[in-house]
Amino acid sequence: MESFSNNQLLQEIKSCEELLTDRIADNMETFGVSSTVGRLLGIIYMNREAMTLDSLADETGMSKTRMSQVMRQMISFNIAEKEYVKGSRKDHYNVERDYAQTFISLFTSNWSEVVKRNTNLERRLREQIRHLETYLTEDSPEEVKGRMERLQQELDEWNAYYNWIDNLVAFFESGEIFKHVPIVAPNKKEEAQNEE
């Protein structure tokens with residue numbers, strides 16, 4: 001069996017941590033979030049304690065200004081926060097350690113924004129339709145009347161869809177999702193499968 005020195009062990013562990021950090025960064029793109037956000041999330045997570053912008057800049061090779069921008073973005077996603085560190089004048093940042101909560105925060109912040117944008121578009125289009133309806137007469141062509149009616153039906157379906165997404169966001173934010181799809185630790189998952 002091959003033996004490793006303590007330095008070699010630390011290097012192997014660091015390599016594994018870097019792979020995990022890289023995967024977290026890649027996964028962020030599925031949320032429509034930059035991989036830089038994921039990289040910082042992974043770095044702070046693997047560091048196991050709050051980090052300063054200076055230490056993040058050193059770790060990533062990016063500027064402190066860029067680190068500040070990304071941390072503000074992460075705070076707005078509710079996956080990071082400033083943390084007071086006794087004896088330090090610098091701002092320290094920590095991240096959400098619960099993977100499921102990070103998923104919920106990213107999922108809900110993105111979809112809440114999508115709902116908001118699309119609800120605003122629906123409102124503007126309905127106002128435009130009401131305005132256009134004032135020009136309809138009995139002599140208006142059937143094509144015009146039909147297209148106006150179809151557009152209103154489409155907006156009704158649009159509204160129902162975005163209300164559904166809004167309800168889905170609330171389902172996640174309330175934690176109700178865990179009653180239907182619980183997180184099961186690997187050893188508990190095996191036990192559950194063996195009982196079946």
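**Close-up views of a predicted model**

**View 1. A salt bridge joins the side chains of Lys179 and Glu176.** In this predicted model, the nitrogen-to-oxygen separation of the pair Lys179 and Glu176 is 3.3 Å. Lys179 counts as exposed because its relative accessibility is 66%, above the cut-off of 50%. Glu176, by contrast, has a relative accessible area of 28% and is therefore partly exposed.

**View 2. Lys90 and Asp54 form a salt bridge between distant parts of the chain.** The closest N and O atoms of Lys90 and Asp54 are 2.3 Å apart. Lys90 lies in the loop between strand 2 and strand 3 (92-95), whereas Asp54 belongs to helix 3 (residues 53-60); the two are 36 residues apart. Lys90 has a relative accessibility of 46% and so counts as partly exposed. Asp54 also counts as partly exposed, because its relative accessibility is 24%. In total, the model has 10 salt bridges.

**View 3. Lys82 and Asp91 are linked by a salt bridge.** The closest N and O atoms of this pair, Lys82 and Asp91, lie 3.3 Å apart. Asp91 counts as partly exposed because its relative accessibility is 40%.

**View 4. Helix 1 packs against helix 2 in a right-handed crossing.** Helix 1 spans residues 6-28 and helix 2 spans residues 35-47; the angle between them is about 145°, and their axes are 7 Å apart. On the side of helix 1, the contact is made by Glu17, Leu20, Thr21, Asp22, Ile24, Ala25 and Met28. The residues that they meet in helix 2 are Ser35, Val37, Gly38, Arg39, Leu41, Gly42, Ile43 and Met46. By class, the residues of this contact between helix 1 and helix 2 comprise 8 nonpolar, 4 polar and 3 charged.

View 5. Strands of a sheet pair through backbone hydrogen bonds, in either a parallel or an antiparallel manner. Strand 1 and strand 3 run antiparallel and are joined by 2 bridges. Met51 stands opposite Tyr93, a residue of strand 3.

**View 6. Arg48 has a positive phi.** Most residues other than glycine have a negative phi. Arg48 is a residue other than glycine, yet its phi is near 70°. The position of Arg48 is in the loop between helix 2 and strand 1 (51-52). Arg48 counts as exposed because its relative accessibility is 52%.

**View 7. Asn78 is not a glycine but has a positive phi.** The phi of Asn78 is about 65°. Asn78 lies in the loop that runs between helix 4 (64-76) and strand 2 (80-83). With a relative accessibility of 54%, Asn78 therefore counts as exposed.

Note on methods. Residues numbered from 1 in each chain as written. Predicted model: local features only at pLDDT ≥ 70, side-chain atom pairs only at ≥ 80, totals over all residues. Heavy atoms only, no water. Axes fitted to C-alpha atoms, helices over the stretch in contact; angles between N-to-C directions. Helix = DSSP H or I, 4+ residues; strand = E, 2+ residues; numbered from the N terminus. Left-handed = near helix turned anticlockwise from the far one by under 90°. Contact = heavy atoms within 4.5 Å. Nonpolar A, V, L, I, M, F, W, Y, C, P; charged D, E, K, R; others polar. Buried < 20%, exposed > 50% of the residue type's maximum accessible area, 1.4 Å probe, protein only. Salt bridge = Lys/Arg side-chain N within 4 Å of Asp/Glu carboxyl O. Pairing = 2+ DSSP bridges.
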